Amino acid sequence: MPPKKPTKARGKKGQPTPEPEVEETEPEVTAPGHLDFEPPAREIVVPKEQLELTETELEEEITKMLTANNPTAPTNIARFNFKERTYKFEPMVDQLETHYRSDGYVLHRSSDDAKRQMELERMEAEAIAEFEKQLNAPKEDGEEAVDDSKQLRNQFNFSERAAQTQNNPMRDRYTSTEPPPTASFNASCTQWEIYDAYMEDQERQRLQKEIQKAKGKEKDNKKPEEEKKEKETVMHGSAMCKAVKVMERMVNQNSFSDIADDFKYWEDASDQFREGEGTLLPLWKFYNERAKRKHVTSICWNPEYHDLFAVGYGSFDFLKQSTGLICCYSLKNPSHPEYTFTTESGVMCLDFHPQHSSLLAVGLYDGTVMVYDVRNKVNRPIFSSSVKTGKHTDPVWQVCWQEEDMTKSLNFFSVSSDGRVTLWTMSKSELTYQDVMELKLVGNVRDADPDDETALGSLAGGCSFDFNKTSDHLFVVGTEEGNIHKCSKAYNSQYLETYKGHNMSVYTVKWNNQHPKVFLSASADWTVKLWDHTNAKPIMSFDLNNAVGDVAWAPYSSTVFAAVTSDGKVHVFDLNENKHEPMCEQKIVRKAKLTKITYNQKHPIILVGDDRGCVTSLKLSPNLRKTSGSPPDAEVEQDKLNKIMEVALKGEV
Amino acid sequence: MAEDEPMDMEGYLKLAKYPLIKHTDMLEEMRVEAVEQCVSAIEKFTTPEGETNLEKATQMIKEGMDKKFGGPWHIVIGEGFSFEITYEVRNLLYIFTGGTQACLLWK
């Protein structure tokens with residue numbers, strides 16, 4: 001802002017005259033009556049408010065002074081002066097008055113702002129230059145730049161990008177279920193048909209009622225008849241049973257065909273090349289679940305049917321007695337017994353009657369003797385001894401059928417530990433023991449053997465006996481203390497002879513089948529001894545190194561016998577071949593004791609029973625059944641044995 | 001039959017009051033139920049004069065059978081008609097009721 005300077009200006013009255021002059025032109029213009037080419041006429045217009053001044057007044061000179069003082073500024077500002085403690089007028093008053101102001105945009109060249117601005121301008125210019133340079137540079141490169149421009153589809157250099165996942169292909173699958181089964185049906189119906197149907201139904205109902213009535217009557221009146229019918233059906237069942245039995249045997253024959261072949265045809269070929277040796281071939285095993293844990297106490301072949309045999313089951317153990325069982329097996333059916341009978345006490349011995357082959361005598365552990373008829377198939381003996389009829393008081397160790405007596409009644413002997421050898425006779429209804437022949441060992445023992453009496457008390461317990469094959473009144477009895485007594489049915493008061501050789505129970509005595517004088521004894525003292533009943537001392541003795549359970553003569557030779565021992569071995573001797581060693585010593589069962597042995601009368605097989613309830617059949621190899629001819633000639637056989645005995649006696653002497 | 005022949009109509013109707021199964025291959029349980037349905041439906045829609053509202057009876061039987069055993073059942077009741085149908089095995093019943101009506105049910 002330019003400072004106000006005090007200026008002197010002279011004002012004259014003539015000064016406002018230009019104003020009137022301007023005013024004067026206007027009327028000139030507005031005057032219409034004049035020509036255009038005429039110079040404009042001056043016309044003075046005076047405003048109405050203008051003061052009208054006189055000449056003098058106009059002449060008067062008025063001086064106007066321009067001063068630097070602000071006319072509106074206060075001149076009398078007083079302020080309290082604390083120093084002097086009085087009011088004092090302000091000597092300086094601000095005289096500045098601003099009428100108009102305007103900021104300029106021009107800068108001084110040398111000012112800082114200008115310098116800064118220049119610097120910025122310079123940098124901007126540089127940046128632009130650089131950018132220009134960059135823009136131009138690729139263009140100069142040539143090809144690339146050209147391609148680039150071609151690729152650009154549009155000015156925005158836009159490129160589209162998209163990703164799409166793969167869609168799984170669609171697949172159709174159909175299943176159709178089987179439609180429910182349908183059927184078609186046709187008929188027609190009329191009143192007549194309906195009527196007929198009802199009538200028919202009525203008829204049927206009536207008939208049914210009649211039948212029911214008839215049935216009711218039958219039931220009332222003919223009950224016994226129906227029962228008969230029922231029985232018939234049972235009979236039918238038994239016929240069926242027979243058929244089933246045949247079938248069973250056929251199946252067995254099939255399943256055991258190899259054993260059956262062995263039984264029939266197999267011969268141990270190696271026997272031809274070895275002297276004095278033989279083998280036993282195990283065939284069928286007869287085992288029954290019911291005989292589990294029972295001892296086989298006796299085996300007996302049926303004299304008529306050579307494939308049938310009875311096995312008695314009981315127990316030799318005094319402490320473990322149980323019920324007894326008798327099973328009749330056939331070689332044709334090893335899997336199941338043909339007949340079974342059960343007894344209250346353990347079975348100790350049994351014997352088939354030589355002529356009436358269905359009769360089976362049985363001795364029990366409790367002293368009872370019984371007779372079964374195998375054909376009956378009922379689990380009941382036809383005869384049985386009781387306390388009343390003088391049964392034994394101790395186990396019956398052996399029973400033996402006798403020839404029919406004078407009155408044609410059947411009779412058998414039994415021997416028991418109570419010291420009696422008893423003759424039982426079958427009368428019509430009961431078993432009598434005091435019949436034609438009565439033999440009590442008690443008396444005999446006492447009379448004949450006073451030494452034993454003092455030692456043992458009163459009785460000698462019988463363990464076994466056997467009747468001489470030729471002179472049937474003669475028999476030998478083996479006892480528990482080891483003595484063997486020769487007795488006769490004729491003299492029941494004393495022994496004919498006493499043979500002392502064994503130290504322990506004599507389990508078995510057996511007469512030779514051909515030679516009438518010779519018998520064998522088997523004992524718990526590990527020995528089998530050969531006796532001549534005319535000689536008080538044993539002729540031969542065979543030590544088998546274990547308790548001998550049973551011994552049996554072969555039916556085909558006088559010199560062959562077999563023995564079983566409690567270590568499960570079977571020993572077969574042929575004295576004709578070897579007088580000291582067995583022809584065959586073979587272990588048959590592993591952990592069991594063998595208890596019984598018996599020869600089949602016809603076939604070359606033996607049966608051995610063990611204390612596990614199992615019976616094994618064994619086939620003898622050819623060396624074990626050498627014979628003088630078939631049928632064996634009794635004389636030749638006797639001679640054979642005689643010679644051997646002579647040699648043995650000589651050796652002793 | 002011969003002795004029943006001269007029986008008059010009334011006697012016959014008296015006699016033939018029970019439902020008589022002419023032919024069926026239903027199982028015991030279903031059969032008993034179906035027969036019961038038929039008998040009760042026909043009884044219900046028979047006026048005392050002997051007129052039967054067959055339409056309603058069939059409808060009732062059908063509804064009952066559909067509800068009990070499911071599936072589309074077809075019912076025919078009438079005094080005289082003949083037919084040949086294909087049916088789902090074990091789902092056919094053909095009975096006579098009341099001596100005059102034949103009732104055929106099948107699925």
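This is a predicted model: local features need pLDDT of at least 70, side-chain atom pairs count only at pLDDT 80 or more; totals for chains, interfaces and linings use all residues.
Residues are numbered from 1 along each chain as its sequence is written, and chains are lettered from A and ligands numbered from 1 in the order in which they are written. Local features need pLDDT of at least 70 and side-chain atom pairs count only at pLDDT 80 or more, while totals for chains, interfaces and linings use all residues; side-chain values use heavy atoms, with hydrogens and water left out.

Chain A has ten helices and 33 strands. Helices (H or I, at least four residues) and strands (E, at least two) are DSSP runs, numbered from the N terminus. Of the 653 residues in chain A, 38% are buried, where buried means under 20% relative accessible area, exposed over 50% and partly exposed in between (1.4 Å probe, protein chains only). A contact means heavy atoms within 4.5 Å. Among the contacts in chain A with a separation of 6 or more, 50% are between residues 24 or more positions apart.

The second largest pocket holds about 740 Å³ of space. A pocket is an open set of points on a 1 Å grid over the protein atoms alone, where a 1.4 Å probe fits, with protein on both sides within 12 Å along at least five of seven lines; lining residues have an atom within 4 Å of a point. Its volume is the space filled by probe spheres set on the points, which are joined across faces, edges and corners. The lining has 28 residues, and the closest to the centre are A:Lys245, A:Arg249, A:Glu338, A:Tyr339 and A:Lys377. Helix 6 (223–255) and strand 10 (339–343) of chain A are the elements that give two or more residues to this lining. Helix 6 of chain A provides the largest share, eight residues. By class, the lining has ten nonpolar, eight polar and ten charged residues. Here Ala, Val, Leu, Ile, Met, Phe, Trp, Tyr, Cys and Pro count as nonpolar, Asp, Glu, Lys and Arg as charged, and the others, Gly among them, as polar.

Strand 10 of chain A also contains A:Phe341. This residue is buried, with a relative accessible area of 1%. Leaving out residues up to four places away in sequence, A:Phe341 touches A:Gly324, A:Leu325, A:Ile326, A:Tyr372, A:Val374, A:Val378 and A:Asn379. The C-alpha atoms of A:Phe341 and A:Tyr372 are separated by 8.8 Å, and the two residues are 31 residues apart along the chain.

Chain B has three helices and five strands, in the order α-β-α-α-β-β-β-β from the N terminus on. Buried residues make up 41% of its 107 residues.

Strand 5 (residues 101–106) of chain B is largely enclosed by the rest of the structure, because six of its six residues are buried. B:Gln101, B:Cys103 and B:Leu105 point one way from this strand, and B:Ala102, B:Leu104 and B:Trp106 the other way. In a regular strand the side chains alternate between the two faces of the sheet. Strand 5 of chain B runs antiparallel to strand 2 (residues 74–78) of chain B, joined by five bridges; two strands pair if DSSP finds at least two bridges between them. B:His74 has B:Trp106 as its bridge partner in strand 5 of chain B. Six bridges join strand 4 (residues 92–97) of chain B to strand 5 of chain B, also antiparallel, and B:Phe96 stands opposite B:Ala102.
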